[in-house]
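Q: I'd like to learn how to read a protein model, one feature at a time. Can we look at it together?

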Amino acid sequence: MPNEIWLSQLQKHRAIAVIRAPKIEVGEEMAMAVASGGMQLIEITWNSDRAGELISQLRSELPACTIGTGTLFNVQQLQEAIASGAQFLFTPHVDSAMIQAAQEKDIPIIPGALTPTEIVTAWSQGASCVKVFPVQAVGGADYIKSLQGPLNQIPLIPTGGVTLENAKEFLQAGAIAVGLSGELFPKKLVTEGNWQAIASRAKNLIQQLG
């Protein structure tokens, strides 16, 4: 998927559901729940149970959704993720070899960065946009807002501290989209298999961002 299409998807949907699945069957239910709540951007972290298999499965089960992966640490994992059908790639760090490998396959890569130097480094090496993580530790939406002056040409996706309550603030501060994990999937609801409640959380989020 070319970067332009990916960026237009982010501008349209504004939120990514980040799934860290303890078991592949649970991961599938988590994805189905947020999709039924209206979310169309779904990330399966690579440290999920049988992540590649789950990505491949969701690509066929949820054709309207864009399914990607995250928590990729090296080029080998990245290539395995692409082979399994991942449509976008998140990393926790900036790695020029990984950025180059993703570019060669025309798959959007979103490296994790925190400081202005890291953000600009990732962007200049060819990142499609940059994940600002962990954003809450450095001031949350205020930090995103303060980056806009010098770096407003770089699309930013804050994660790590984005909640159902503050997600809109991040977009108003200038973020192109936000990523949510534990906020969408409270442990208690996942353990109980309360997928309807998770679908409602996703729907609530989409309505707030709309």
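Q: Is Arg14 buried, exposed or partly exposed, and why?
A: This is a predicted model, so keep in mind that every value here is computed from it. The idea is to look at relative accessible area: under 20% is buried, over 50% is exposed, and partly exposed is in between. Arg14 has a relative accessible area of 23%, so it counts as partly exposed. You'll find Arg14 in the loop between α1 and β1.

Q: What is the phi of Arg14?
A: About 65°, which is positive, although Arg14 is not a glycine. Asp106 is another case, with a positive phi of about 60°, and it is not a glycine either. Asp106 sits in the loop between α5 and β5. With a relative accessibility of 42%, Asp106 is partly exposed.

Q: Where is the cis peptide bond, and what is its omega?
A: Look between Phe133 and Pro134: the bond joining them is cis, with omega at about -10°. Pro134 belongs to the loop between β6 and α7 (141–151).

Q: Why is β5 described as largely enclosed?
A: Count the buried residues. Five of the five residues in β5 (residues 109–113) are buried, so the rest of the structure largely encloses this strand.

Q: Which strands does β5 pair with?
A: To read pairing, look for the bridges between two strands. β5 runs parallel to β4 (residues 89–91), and three bridges join them.

Q: How many residues of β1 are buried?
A: Five of its five, so to speak a mostly covered strand, spanning residues 15–19. On one side you have Ala15, Ala17 and Ile19, on the other Ile16 and Val18, and all are buried. β1 pairs with β8 in the parallel sense over three bridges, and Ala15 has Val178 in β8 as its bridge partner. Three bridges also join β1 to β2, again in parallel. From β1, the chain goes through helix α2 (residues 24–36) to β2 in a right-handed β-α-β crossover.

Q: Is Trp6 buried or exposed, and what does it touch?
A: Trp6 is buried, with a relative accessible area of 0%. Its place is in helix α1 (residues 3–13). Setting aside residues up to four places away in sequence, Trp6 touches Met1, Ile16, Leu41, Phe88, Phe90, Pro108, Ile110, Ser128 and Cys129.

Q: And is Thr66 buried or exposed?
A: Buried, at a relative accessible area of 6%. Thr66 lies in strand β3 (residues 66–70). Beyond its neighbours within four places in sequence, its contacts include Met1, Gln9 and Leu41.

Q: How much space lies in the largest pocket, and which residues lie nearest its centre?
A: About 320 Å³ of space. Its lining has 19 residues, and Val18, Phe133, Thr159, Gly160 and Ser181 lie nearest the centre. β2 (41–45) and β8 (178–180) each supply at least two residues of that lining. By class, the lining has six nonpolar, nine polar and four charged residues.

Q: Which residues line the second largest pocket?
A: They are Val18, Arg20, Pro22, Met30, Ser181, Gly182, Phe185, Lys187 and Val190. Five are nonpolar, two polar and two charged. The space in this second largest pocket is about 220 Å³.

Methods. Residues numbered from 1 in each chain as written. Predicted model: local features only at pLDDT ≥ 70, side-chain atom pairs only at ≥ 80, totals over all residues. Heavy atoms only, no water. 1 Å grid on protein atoms, 1.4 Å probe; cavity = no way out; pocket = protein on both sides within 12 Å on 5 of 7 lines; lining within 4 Å. Points joined across faces, edges and corners; volume = space filled by probe spheres on them. Helix = DSSP H or I, 4+ residues; strand = E, 2+ residues; numbered from the N terminus. Nonpolar A, V, L, I, M, F, W, Y, C, P; charged D, E, K, R; others polar. Buried < 20%, exposed > 50% of the residue type's maximum accessible area, 1.4 Å probe, protein only. Pairing = 2+ DSSP bridges. Contact = heavy atoms within 4.5 Å. Right-handed = clockwise from strand over helix to strand, strands pointing away.
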